[in-house]
Amino acid sequence: MVLLTACASFSPDNGFDSVKNAVNQRTSAEPRWARTDAERGEVRQAVTSLLGQPLTADAAVQIALMNNRGLQATYSDLGIAEADLVQAGRLPNPRFAFERLVRGDELEIGRAFIVNVLSLLTMPARTQIEQRRFAVAKTRVAGEAARVAADTRRAWYSAVAAQEGVKYMQQVKDAAEASAELAQRMARAGNFSKLDQAREQVFYAETTAQLARVSQAAVAERENLTRLMGLWGEHIRFTLPERLPDLPKAPQQLEQAESDALRQRLDVQAAMQEAESVASSLGLTRVTGFISLLEVGYQHNSETGKPPQKGFEVELRLPIFDTGNARVVRAQHTYMQAVERAAELAVRARSEVREATNGYRTTYDLARHYRDEIVPLRKRISDENVLRYNGMLISVFELLADARQQVASVNAYIEALRDFWIADANLRSALTATSPGATTVSRRTSAPSEATAAGH
Amino acid sequence: MTNRRNFLRTTGGMLGAAVVSKAAMGAVPEAALQTSPQTQPPLEPSNGRPYQPVVTLNGWTLPWRMNNGWKEFHLVAEPVVRELAPGMKTHLWGYNGQSPGPTLECVEGDKVRIFVTNKLPEATSIHWHGIILPNGMDGVSGLTQPHIPVGKTFVYEFVMGKSGSFMYHPHADEMVQMAMGMMGSIVVHPKNPKFMPVDRDFVFLLSAFMIEPGAYTPKVAEMLDFNLWTFNSRVFPGIDAMPVRLGDRVRVRIGNLTMTNHPLHIHGHHMEVTCTDGGWVPKSARWPETTIDIGVGQVRSFEFVADNPGDWPLHCHKSHHTMNAMGHNVPTMIGVDHRGIAEKIMKLVPDYMVMGERGMSDMSEMEMPLPENTLPMMTGKGPFGPIEMGGMFTVFKIRDGLARNDYKDPGWYKHPQGTVSYEWTGAPLATERAPAQAVSAPKAREFRAVKPSGHSGH
């Protein structure tokens with residue numbers, strides 16, 4: 001009966017505070033639920049100010065958490081769940097029946113006041129169930145927000161890397177252009193055959209096509225980010241930073257990743273809360289299974305010329321045809337289903353954490369390998385080639401082909417760095433929030449082939 | 001001159017045990033070692049028959065000892081570091097500290113005993129190229145003798161029958177061992193010192209190496225595409241000049257152990273081939289020349305009277321043999337307008353510089369950083385500017401007033417007044433020329449490829 005009074009009214013935040021805390025802990029950004037025009041105005045202002053400078057990954061996540069309209073729709077789940085809870089804490093309205101019967105000059109008036117006793121008796125239990133459901137809703141909403149945050153973070157890394165990729169492809173194109181132009185002039189001076197000239201020309205032509213493709217990919221990545229942040233109109237003219245953040249000095253140490261994940265993950269929490277909630281409704285069904293309706297009424301009948309007739313009326317439907325066991329069996333299976341789902345999720349979460357941890361370490365090592373080994377080696381090769389060019393040991397065409405290889409290696413490093421940051425986001429998600437999705441290392445990052453250069 | 005050191009390379013024990021000779025000597029003679037690549041002064045014979053010694057260009061003569069009427073030499077085949085020119089050291093195989101090995105000098109009729117110690121990582125042998133000797137002393141491993149195993153010493157004994165100029169080189173894994181620089185000269189002087197005497201007598205070998213820019217060891221599998229053409233494993237500007245007293249009769253003996261022929265050309269004089277590795281050429285068979293072609297495996301000795309003072313080149317006339325390491329696949333850049341492109345390239349390659357637009361002289365004018373241990377392809381400064389030569393190139397410095405045995409570099413020639421080409425500063429001269437031809441080929445005829453017929457089924 002304490003609950004009865006406590007929960008019969010709406011909370012001022014609709015449970016959003018706990019969502020906010022959960023999301024904030026996991027994304028270091030604060031979700032906002034804009035319910036009124038005034039609040040929507042504030043969000044718009046906050047978005048505008050965040051877009052005032054080059055967009056960081058954190059800012060992108062912050063914008064998504066307050067401006068992604070799908071997420072706003074999800075926030076409404078809280079209100080719906082809380083309404084259910086409040087509803088459960090309220091008694092069904094009593095029924096009042098009145099009958100007035102006339103036979104000749106005889107008047108018969110009957111009054112009955114009927115109350116559904118069962119709902120009164122089960123109200124605390126039902127309130128508790130709704131309470132749990134509300135908690136599930138809060139965890140799910142937080143999970144959804146964390147998922148959008150992770151998606152946004154990944155999209156930001158992809159967009160920045162793609163933008164950098166365009167820059168490097170542009171350089172490759174410049175080199176190819178110089179080669180082609182030089183080849184043309186050499187053909188004009190009579191020093192180059194049509195075959196040699198065509199070879200340089202076709203490389204340039206192909207590079208131009210490749211640049212168009214890379215540019216389109218960059219637009220797609222940026223639009224994905226734009227969608228996740230819920231931006232349109234003038235807001236789409238945001239600027240991204242020139243470069244991805246540097247690789248951390250050392251990778252995170254992850255000793256108890258699996259148990260941490262089981263403790264922190266929102267989807268695991270939600271599944272467990274769900275199972276609990278189903279368990280309590282199973283208990284209720286067991287108790288009330290065969291009682292379909294118990295109603296108690298007070299009757300007051302008065303008839304002309306007769307003393308009034310008073311008394312109680314109890315109505316109980318007999319469990320002859322429906323003993324309620326079907327409902328109990330259904331509830332039992334629903335419960336087992338919830339338990340198995342939660343168990344499945346726990347197994348998956350552990351596996352995902354292992355995969356994400358491995359992906360994180362691999363991408364970290366790969367990015368470091370590119371940064372510390374491959375890129376410096378390419379640089380050294382380029383330096384040595386300049387020396388060979390100085391000695392007229394190789395031609396300018398070989399020098400340019402090598403410059404393209406060097407550019408490609410820098411680009412491969414950027415892709416490796418992007419893969420690391422995406423793996424980092426995936427790991428964060430797998431550890432604290434929700435399923436990160438596939439965490440495979442990008443296969444697009446491949447060593448530039450020497451064969452192309454050798455031909456020049 | 002400098003750095004001559006005689007090392008006691010072998011102490012009685014180890015090698016003494018290795019040498020089981022019919023000659024039953026007490027011990028193997030000391031193997032002298034040379035560490036300097038500079039031309040050493042002639043080694044006057046201190047014992048045995050007298051002769052007029054030779055000067056080995058950027059090399060030296062091996063000392064010997066007399067033992068019961070035998071002239072004993074000791075050659076040690078071993079890995080060496082040879083400076084091809086200042087700024088470039090190479091890892092070669094040679095003899096007694098140098099590649100090529102020391103010149104062996106003796107006299108017609110000498111009984112020679114040559115100890116050969118193998119300190120290479122593989123078996124070797126020595127063939128005495130051009131010398132007539134008993135078959136078992138010919139040094140053809142497998143055919144006339146067993147290979148000289150690693151760490152062992154073999155002995156060759158024979159009589160130098162005929163005077164002239166000869167060579168020595170391995171006849172075991174020959175291609176590799178010669179590609180690594182194993183070779184040397186042999187000069188057999190006439191018994192009669194008055195036979196065809198000369199005042200200055202130079203000797204050297206021609207050899208070629210393929211050493212990748214930045215590397216130190218030759219590519220032993222190279223067949224044709226060599227990039228370093230040498231006189232006695234030296235390239236210009238690392239080859240010493242040959243100082244000559246005005247009026248001297250000069251003999252130059254050149255052996256060719258490269259894989260191609262070399263037309264050696266001399267400036268300012270006529271010369272005659274007077275000897276080959278087959279013997280002396282009768283006067284009636286000689287003809288005057290300024291270029292003599294030396295075929296693969298041949299030795300040619302030419303003589304001339306140095307009657308024209310000045311600095312006169314002697315060089316191979318295959319022009320790429322007077323170049324050091326150069327790219328053989330670089331396109332010709334002459335006449336190609338670089339305007340606007342250089343900036344584009346520099347955006348990607350900041351150290352880029354336009355070269356070759358006017359020719360390759362840029363190389364000798366600009367001093368640009370090169371790969372390590374790599375010589376510029378043409379270099380060497382003369383009194384009037386860059387000489388633009390590398391490889392097989394040197395200079396006879398013919399001067400009045402040098403001492404008979406003076407081999408010191410006398411410096412650049414001081415030309416008498418009015419004997420140097422000069423710039424015309426008078427009125428411009430009218431030059432009549434035919435109109436320049438269009439660069440594009442005239443459209444005289446068009447050819448059409450005819451596709452092979454009979455494939456209509458495809």
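Student: How many disulfides are there over all chains?

Tutor: The count is 0, taking a disulfide as a pair of cysteine sulfur atoms within 2.5 Å. This is a predicted model, where local features need pLDDT of at least 70, side-chain atom pairs count only at pLDDT 80 or more, and totals for chains, interfaces and linings use all residues. Residues are numbered from 1 along each chain as its sequence is written, chains are lettered from A in the order written, and side-chain values use heavy atoms, without hydrogens and water.

Student: Is B:Cys106 buried or exposed?

Tutor: Buried, at 0% relative accessible area; buried means under 20%, exposed over 50%, partly exposed in between, with a 1.4 Å probe and protein chains only. B:Cys316 is buried too, at 1%.

Student: Switching to B:Pro313, where is it found?

Tutor: B:Pro313 sits in strand 22 (residues 310-316) of chain B, strands being DSSP runs of E, at least two residues, numbered from the N terminus. B:Pro313 is buried, with a relative accessible area of 13%.

Student: What is B:Pro313 in contact with, leaving aside neighbours within four places in sequence?

Tutor: B:His265, B:Ile266, B:His267, B:Phe393, B:Thr394 and B:Val395, where contact means heavy atoms within 4.5 Å.

Student: And how far from B:Pro313 is B:Tyr413, C-alpha to C-alpha?

Tutor: Those C-alpha atoms are separated by 12 Å, with the residues 100 apart along the chain.

Note on methods: Helices (H or I, at least four residues) and strands (E, at least two) are DSSP runs, numbered from the N terminus.
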